[in-house]
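Q: Hi, I'm new to this one. Could you walk me through it?

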Amino acid sequence: MTLSEDGLFAVSAEDENAIALAVLSTWSAVHGLSMLIVDGKAGTTVGTDVLASGMLTIVLEGLRRR
């Protein structure tokens, strides 16, 4: 069972386009943060684990059903 099937995400389990957009958006955020870290452009001294955790929390909160 997926989080959309459980009703936890605001993306319908039957809406393939919405799921694809949610996946692409999340992948883009992860890729973007990764590239900023690799290129030394993250602009912070916070550890990469803190950056990754914080970014994923923000992305997942955005997907959460209200």
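A: Happy to! One term to start with: buried means under 20% relative accessible area, and exposed means over 50%. Also keep in mind that this is a predicted model.

Q: Got it. Which residues in α2 are buried?
A: Met 55, Val 59 and Leu 63 are buried in α2. They sit on the same side of α2, because they cover an arc of only 80 degrees around the axis.

Q: Why would residues spaced like that point the same way?
A: An α-helix has 3.6 residues a turn, so residues three or four places apart point the same way.

Q: And what's on the face turned away from the buried side of α2?
A: That face carries the exposed residues Asp 49 and Ile 58.

Q: What covers the buried residues of α2?
A: The cover includes α1. For example, Val 59 is in contact with Thr 26 and Ala 29, leaving aside its neighbours within four places in sequence.

Q: Which residues make up the largest nonpolar core?
A: There are seven: Phe 9, Val 11, Ala 22, Leu 33, Met 55, Val 59 and Leu 63. Both α1 (16-38) and α2 (48-63) supply at least two residues of this core, and the largest share, three residues, comes from α2.

Q: Changing topic: how many salt bridges does the structure hold?
A: It holds one. Arg 64 pairs with Glu 61 in a salt bridge, and their closest N and O atoms are 3.0 Å apart.

Q: Is Arg 64 buried, partly exposed or exposed, and what about Glu 61?
A: Arg 64 is partly exposed, with a relative accessible area of 38%. Glu 61 also counts as partly exposed, at 35% relative accessibility.

Key: Residues are numbered from 1 along each chain as its sequence is written. This is a predicted model: local features need pLDDT of at least 70, side-chain atom pairs count only at pLDDT 80 or more; totals for chains, interfaces and linings use all residues. Side-chain values use heavy atoms; hydrogens and water are left out. A nonpolar core is a set of buried Ala, Val, Leu, Ile, Met, Phe, Trp, Tyr and Cys residues joined through side-chain atoms within 4.5 Å. Buried means under 20% relative accessible area, exposed over 50%, partly exposed in between (1.4 Å probe, protein chains only). Helices (H or I, at least four residues) and strands (E, at least two) are DSSP runs, numbered from the N terminus. Contact means heavy atoms within 4.5 Å. The arc is that of the directions from the helix axis to the C-beta atoms. A salt bridge is a side-chain nitrogen of Lys or Arg within 4 Å of a carboxyl oxygen of Asp or Glu.
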